[in-house]
Amino acid sequence: MSWDIEKIKNDVAADVNAAEVLDALEAVRVKYLGKKGLVQEMYAGLATASPEEKKTLGKGANDIKVLADALIAQRKPLLAATVKRAQALDVTMPGVAREPGTQHLITQTIEEICDVFERLGFVIQRGPEVETEFYNFTALNIPLDHPSRDSFDTFYLDEKDPTAAGRYLLLRSHTSPGQVRVMQKHKPPLAVIIPGKVYRPDAVDASHAFMFHQIEGLLVDKHVTFADLKGLLTAFCKKFFGDDVKMRFRPHFFPFTEPSAEVDIQSNIFKGRAGKWLEILGCGMVHPAVFAHAGYPPGEYSGLAFGLGVERIAMLRHGIGDIRTFTENDLRVLKQF
Ligand code: PHE
């Protein structure tokens, strides 16, 4: 049998180029280089070949083997890349499921509390988290030497206060500065709630965090009394904690309210806290000095104000023992609410 070496070489090149997928290329390899392939057939032919033929046939078989090896090795990565591209475009592949998240418990609690006050006619307002000493302290009748101005109790920024020479901006330590901002913009009668983040450099433990949330309330009109304050907060507590919640107004001091009180509550729904008084807010009648800083004429208005601790309330309601739970982002916890 005679072999046309040059034609076979051309066939190898044509076959390799014609292979469009890896399987086809493998078939070409088997055709030429497999155990029963053409090259093996040529080697077998050597046994019956004349000495002259042996020379060209042996060399031809080797050349074809080397050529087929090289061309296949060259084409293989090209076809492999095509496979990858095809997979990337496989529109029949199942998608990656995204689990819907839930609202954070703190956000839920803020919305629920605001909801109660909105039904009572209050309007939601927001104030900045970066404040000036004027709004956070001075306008609230907190004197320059009051300990809460100390950098141990307030986070001061490196940024200078553009409204007061030599003073620095700070992170608000309560939502009360919002009271003054609202009063500067609006005339009574007004009823607002101001929810938001506040910051204090407290040592972090189970009940203290650097950042927590408060909801400020402010109602100003001509004849607002302490009875209005009691009535309003009692209505809120009953709506929020249930009709059988027990409340007490404990006398307290705040520079920006007079008289001032803190409200404690007791409820059987607070797991493991039955019979214990738990503080949830500070409140009082707006101090005349605050009205003066807001630009209201003296003697004309009276007002009530309160500041609720959101984390505290959420912890009581859901039996959460550690305030750090809210910021740990543990999905096992977050998914429960
Ligand atoms: N701002 C007070 C606090 O953070 C709470 C408060 C608000 C008290 C309004 C009285 C009136 O402790």
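**Strand pairing and salt bridges**

Glu262 stands opposite Gly282 in strand 9, in a predicted model where local features need pLDDT of at least 70, side-chain atom pairs count only at pLDDT 80 or more, and totals for chains, interfaces and linings use all residues. Residues are numbered from 1 along each chain as its sequence is written, and side-chain values use heavy atoms, with hydrogens and water left out.

Strand 8 (residues 257-266) and strand 9 (residues 278-286) pair in the antiparallel sense over seven bridges, where pairing requires at least two DSSP bridges between the strands, and strands (E, at least two residues) and helices (H or I, at least four) are DSSP runs numbered from the N terminus. Strand 7 (residues 246-254) also runs antiparallel to strand 8, joined to it by eight bridges; a hairpin of two residues connects strand 7 to strand 8, and His252 stands opposite Ser260 in strand 8. Of the 10 residues in strand 8, eight are buried, that is, under 20% relative accessible area, with exposed meaning over 50% and partly exposed in between (1.4 Å probe, protein chains only).

The whole structure holds 17 salt bridges, each a side-chain nitrogen of Lys or Arg within 4 Å of a carboxyl oxygen of Asp or Glu. One of them joins Arg317 and Glu112, with the closest N and O atoms 2.9 Å apart; because Arg317 lies in helix 10 (residues 310-318) and Glu112 in helix 5 (residues 105-119), this pair ties together parts that are 205 residues apart in sequence. Arg317 counts as partly exposed at 23% relative accessibility, as does Glu112 at 34%.
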